[in-house]
Amino acid sequence: MQRMRQFAAKPFRGEDPIPTGLPMTVTGLETAAREAMSAEAYAFVAGGAAAERTLRANVEAFHRYRIVPRIWRGTSAPEGCDTTATVFGSTLAAPVLAAPVGMQEVIRPGGEALAGAATAGLGLGSVLSTAASTDIETVGAAAGPAWWFQLYWPADDDIARSLVERAERAGARAIVVTADAPVLGWRPRAQEAAGPQPARGRGIANFLSDPVFRSRLTEPPEHSAAAMAAAITLWENIFGNHTLRPRDLGRLREWTGLPIVVKGVLHPDDARAVVDAGACGVVVSNHGGRQIDGSIAALDALPEIAGAVGDSAEVFFDSGVRTGSDIIIALALGAKAVLYGRPWLYGLALSGQDGIEHAFRLLLADLRITMGLAGLANTAEITGSILRVRNGRCGR
């Protein structure tokens, strides 16, 4: 906790030295982590759906845009750039949150709490997955004032409500409903690495600790292997929910006063529908290429969705962010902030909380220095006017 306060008191600056010993690039982090991780863990993090075309397209989509730097504007020194952003009342050191990732026990025990502590110490936000390996209350105690809870809405409203209410009591600042995963996508690389008999019951800590879920069981799961098997079976039966529609957000609004964000939106009509139904924000995302192979790259959907709902709701973005320039491009295309995923998971695998902090510090350094070199004094100056695409102007 002392280290967290120290980082919060001295926000990271682009020219600050970054400790050596860990790779300094995203590619380097992935390469080193692949050697350190089990085959199952690496496939879980790195893999995507089917042939992984969408996974690659998410990264490649950023290549179509070019930043047009401005010179002699008095903002080239990294310490002169203001990267802060205010989201749902929380001021972040940069417009970045750790994306929700379930089952982090596959990578390192307690990973969700380490991620919450690491991002809080750097003044960033984080999003806790329903499918976490660490319970809501433990993560909430570590995650500081700017964490959100991601809801996989189960096919049992009483359990869903209990999860939401626990998150609000634990200090969550928003509820993020994931809409693009009523079932998991076809992920052959992860399935192959898991072997013929993959472990069951990972990522269900929030259910095993939930009083409503436990009330559905005839015996506490910790009493016997058979009781645990029954709990896992119950979880498997309720996890997916194919019945949800935009109007159901009204029911969620009855359960919580927190802002509601819908994640997994790629079509402007869907964005309008969920905002009209009560969502305060949307996350433009294709689940990091892990659900539908061959779907549109998330970045390609961002401008149209921002144009459709950006005046009435907050627009966030994930899927494919790897560099500070990527953040600038996403903000210029209409995002308020980005959710950052795979690279910090490689840091988690390599060095726990220190590795997570390292991955984010690389991203923050890149963001701040690039903003300075591009003549951008603050995030408000990041608009579509700074981009070019295919020899033409790109902007909102």
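**Pockets and helix packing in a predicted model**

The lining of the second largest pocket divides into 17 nonpolar, ten polar and four charged residues. Here Ala, Val, Leu, Ile, Met, Phe, Trp, Tyr, Cys and Pro count as nonpolar, Asp, Glu, Lys and Arg as charged, and the others, Gly among them, as polar.

This is a predicted model, in which local features need pLDDT of at least 70 and side-chain atom pairs count only at pLDDT 80 or more, while totals for chains, interfaces and linings use all residues. Residues are numbered from 1 along each chain as its sequence is written, and side-chain values use heavy atoms, with hydrogens and water left out.

Back to that pocket. Its volume is about 680 Å³, a volume being the space filled by probe spheres set on grid points that are joined across faces, edges and corners. A pocket, on a 1 Å grid over the protein atoms alone, is an open set of points where a 1.4 Å probe fits, with protein on both sides within 12 Å along at least five of seven lines; lining residues have an atom within 4 Å of a point. Of the 31 lining residues of the second largest pocket, T178, A179, D180, V262 and G264 are the closest to its centre. Two or more lining residues come from each of β7 (175-178), β8 (260-265) and α13 (268-276). Helices are DSSP runs of H or I with at least four residues, strands are runs of E with at least two, and both are numbered from the N terminus.

Now the largest pocket, with about 1300 Å³ of space.

Helix α2 (residues 26-36) packs against α16 (residues 342-373) at about 170°, with the axes 11 Å apart. Axes are lines fitted to C-alpha atoms, for helices over the stretch in contact, and angles run from 0 to 180 degrees between N-to-C directions. The two helices α2 and α16 are therefore roughly antiparallel, the term for angles over 145 degrees.

Helix α15 (residues 324-332) crosses α16 at roughly 65°, and their axes come within 7 Å. That contact includes I327 and I328 of α15 and L363 and L367 of α16.

Methods
Angles under 35 degrees count as roughly parallel, over 145 as roughly antiparallel, 65 to 115 as roughly perpendicular and the rest as oblique. Contact means heavy atoms within 4.5 Å.
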